[in-house]
Amino acid sequence: MAALKPILLVEDNPNDIELTLAALESTQLANEIVICRDGAEALDFIYRRGPHEGRHVQDPAVILLDLKLPKVDGLEVLAKVKGDPTTRGIPVVMLTSSREETDVVRSYDLGVNAFVVKPVGFEEFFAAIKELGVFWALLNEPPPHRGGWPSNA
């Protein structure tokens, strides 16, 4: 049996990180949850660079990506992941508080798999994250793996 793929959470808001982790843990998913607090760190994780150079070679089950991030914003991360043949099959869910039509359109133009506006209320946010985690980690059937990862993309 193949190892479970990690869930990559790219979020800079400590409260949203805490709530997302609690919601995912409540689903009893066994997937490791990796947290990156800015877009540059997320790209380093995805492409196994810098502090993530020695990590296991495995795509995340899903990337839960905030739109507004320090260093490299979510749209830039999305463009890099979906523009690269070695990573474009990784599902990316934009998880953001933005309701701007331009953000939604731009995200889909770049290949996002889903655009989810963070609910304002605690219970609604918690429920939305639980559903996302179960869908992307358990129910979604990803494309078969197509070769290795670039080490310096």
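Student: What counts as a charge sitting over a ring?
Tutor: NZ of Lys or CZ of Arg has to be within 6 Å of the ring centre and within 35 degrees of the ring normal. In this predicted model, the charged end of Lys80 sits over the ring of Tyr47, 5.3 Å from its centre.

Student: OK, salt bridges. How many?
Tutor: Three. Lys71 pairs with Asp38 at 3.7 Å, N to O. Lys71 is in the loop between E3 and H3 and Asp38 in the loop between E2 and H2, 33 residues apart.

Student: Is Asp38 buried or exposed?
Tutor: Asp38 counts as buried because its relative accessible area is 11%, under the 20% cut-off. Lys71 is exposed, at 70%.

Student: Which residue does Lys68 bridge to?
Tutor: Asp103, again with 3.7 Å from N to O. Asp103 is in helix H4, and Lys68 is in the loop between E3 and H3, 35 residues away. Asp103 is buried at 12%, while Lys68 is exposed at 55%.

Student: What about Arg49?
Tutor: Arg49 bridges to Asp44, with the closest N and O atoms 3.1 Å apart. Arg49 is partly exposed at 22%, and Asp44 is partly exposed at 21%.

Student: Switching to the core: how many residues are in the largest one?
Tutor: The largest nonpolar core has 24 residues, and Leu65 is one of those with the most contacts inside it. Strands E1 to E4 and helices H2 and H3 each supply at least two of its residues.

Student: Which residues does Leu65 touch?
Tutor: Leaving out residues up to four places away in sequence, Leu65 touches Val10, Gly74, Val77, Leu78, Val92, Val93, Met94 and Leu95.

Definitions and conventions
Residues numbered from 1 in each chain as written. Predicted model: local features only at pLDDT ≥ 70, side-chain atom pairs only at ≥ 80, totals over all residues. Heavy atoms only, no water. Core = buried A, V, L, I, M, F, W, Y, C linked by side-chain atoms within 4.5 Å. Buried < 20%, exposed > 50% of the residue type's maximum accessible area, 1.4 Å probe, protein only. Helix = DSSP H or I, 4+ residues; strand = E, 2+ residues; numbered from the N terminus. Contact = heavy atoms within 4.5 Å. Salt bridge = Lys/Arg side-chain N within 4 Å of Asp/Glu carboxyl O.
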